[in-house]
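Below is a brief report on one protein model.

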Amino acid sequence: FEGQPDWVAYCHCESCRRHTSSSVATLVGVPVAQVRYLEGTPASYQSSPGVWRYFCPTCGSPMAYTDDDKWPGEVHLYIGTLEQPEKFVPTGHIHTGEQLPWFEIHDELPRFEKFGKGMKPVRHGPSKG
């Protein structure tokens, strides 16, 4: 993608965990108009109404997520698909209401129970419990 992302975050939702087969996914939110694929076109499937999951048709690696209702005009790219993922540092944790109880990243970033414009964090830093 060209330009700067709208946001970079760790996502703890069940949907992303299942799509990536991981305890947490790291996503980069970018306007669709800024995105182009270097080679080929990703395959996709609709995981629920208006929600699309994109993956490499050759190796199956998850690549991106879109939601026509919640995030129109925006694509969420999995950071591992980027050529230089180290350039994009997460600034928060989203969907911590779905976080696995045995998994914690020890940083002081804000934690959001869900994810949406204007939401306030429930805390900063890891859970104390």
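## Proline 126

Beyond its neighbours within four places in sequence, proline 126 is in contact (heavy atoms within 4.5 Å) with Glu104, Ile105, His106, Asp107, Glu108 and Arg111. Its C-alpha atom is separated by 5.7 Å from that of histidine 106, 20 residues apart along the chain. Proline 126 counts as buried because its relative accessibility is 11%; buried means under 20% relative accessible area, with a 1.4 Å probe and protein chains only. Proline 126 is found in the segment after β9 (123-124). Strands are DSSP E runs of at least two residues, and helices are H or I runs of at least four, numbered from the N terminus.

## Basis

The model is predicted: local features need pLDDT of at least 70, side-chain atom pairs count only at pLDDT 80 or more, and totals for chains, interfaces and linings use all residues. Residues are numbered from 1 along each chain as its sequence is written, and side-chain values use heavy atoms, leaving out hydrogens and water.

## Nonpolar cores

A nonpolar core is a set of buried Ala, Val, Leu, Ile, Met, Phe, Trp, Tyr and Cys residues joined through side-chain atoms within 4.5 Å. The largest has 12 residues, among them Trp7, Ala25, Tyr78 and Phe112. β1 (7-11) and β2 (25-31) are the elements that give two or more residues to this core. β1 gives the most, with 3 residues.

A second, separate core of 9 residues includes Val28, Leu77, Ile79 and Phe88.

Conventions: Buried means under 20% relative accessible area, exposed over 50%, partly exposed in between (1.4 Å probe, protein chains only).
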